[in-house]
Amino acid sequence: MPLRTEDLPHVEPAGLAPMIDPATTALVVVDIQVDFAAPHGLLGRYGVDLSPAERAIDNCQKLVGAARGAGAMVALMRVVTSAETDSRALRTLMARRGHPGGEAICRVENGGADYYRIFPEPGDIEIAKLLYDSFHGTDFDARLRARGIETLVICGLSTDCCVDQTARSAFHHDFDVFLVSDACAAYEPGLHESSLSAMEKNCVLLTTTEAVEAAWGKGAEA
């Protein structure tokens, strides 16, 4: 029987609010960008089914609204690359897979790295990264610490890659990590669910958009 997201353990909504206090929590929105989500982006031009991504982005937008309303920090991640910044390991990996030209995704020069549907506002944290992990080679940890952030609520694309690597790295950096299961997506059947299951077993607590909205709605009213 296929693994279903709703069958995975999730935090009880009634107990979520004190765990994600807006004063010490950041909403981390991972890689909602043209090449990963827009019909005219790289994946869209390759014919990848983007409907799961669009549904996840709908929920990401709700989370951003809830975070802003409650006064939680919003942090927007992006992969931003050029041919010169591709790592040796990435180039070697792609060449060994039969793609010696590399993985020309999220390029600055053609707009593939641009935000899609969700855009920064003054006071947000913006992180430009070269690969999957939002902490690797960036000042993300320092910027979170400077704002007194202890907890991260993570959403975005894709569940099995940049969301996964960012969530695991956040845990290794000693943050409490929540992953919003219906505000993430992958591009192949089963990858989303299996990735959620692996992370839930090791480093994150799962929650839903509705539960976070309710928790932060109460925080905004308090």
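**Reading this model: questions and answers**

Biologist: How many helices and strands make up the secondary structure of the protein chain?

Modeller: This is a predicted model, in which local features need pLDDT of at least 70, side-chain atom pairs count only at pLDDT 80 or more, and totals for chains, interfaces and linings use all residues. Residues are numbered from 1 along each chain as its sequence is written, and side-chain values use heavy atoms, with hydrogens and water left out. Helices (H or I, at least four residues) and strands (E, at least two) are DSSP runs, numbered from the N terminus. For the protein chain, the secondary structure comes to 8 helices and 6 strands.

Biologist: In what order do the elements run from the N terminus on?

Modeller: The 8 helices and 6 strands can be read off one by one. From the N terminus, the order is β-α-α-α-β-α-β-α-β-α-β-α-β-α.

Biologist: What radius of gyration does the protein chain have, next to that of a compact globule?

Modeller: The radius is taken over C-alpha atoms, and the globule rule is 2.2 Å times the number of residues to the power 0.38. For 222 residues that rule puts a compact globule near 17 Å, and the protein chain agrees with its own value of 17 Å.

Biologist: What share of contacts joins residues at least 24 apart in sequence?

Modeller: Contact means heavy atoms within 4.5 Å. Taking contacts in the protein chain between residues at least 6 apart in sequence, the share that joins residues at least 24 apart is 82%.

Biologist: What percentage of the 222 residues is buried?

Modeller: Buried means under 20% relative accessible area, exposed over 50%, and partly exposed in between (1.4 Å probe, protein chains only). By that cut-off, the buried part of the protein chain is 49%.

Biologist: Which elements are included in the cover of the buried residues of α6?

Modeller: In helix α6 (residues 159-172), the buried residues are T159, C162, V163, D164, T166, A167, S169 and A170. Their cover includes β1 (25-30), β2 (73-79), β3 (125-129), β4 (151-157), β5 (176-185) and α7 (191-202).

Biologist: Where is the cis peptide bond with omega of about -20°?

Modeller: Look at the loop between β4 and α6, where S158 is found. The cis bond joins S158 to L157.

Biologist: Is D31, with its positive phi, buried or exposed?

Modeller: D31 sits in the loop between β1 and α1 (34-37), and its phi is near 55°. Its relative accessible area is 0%, so D31 is buried.

Biologist: How does R117 count by relative accessibility?

Modeller: R117 lies in the loop between α4 and β3 and has a positive phi of about 75°, although it is not a glycine. At 24% relative accessibility, R117 is partly exposed.

Biologist: Which residues is N202 in contact with, leaving aside neighbours within four places in sequence?

Modeller: N202 is in helix α7 and is exposed, with a relative accessible area of 53%. Beyond those neighbours, the contacts of N202 are R168 and F171.

Biologist: What separates the C-alpha atoms of Y46 and H173?

Modeller: Y46 is found in the loop between α2 (42-45) and α3, and it is exposed at 67% relative accessible area. H173 is 127 residues from Y46 along the chain, and the C-alpha separation is 36 Å.
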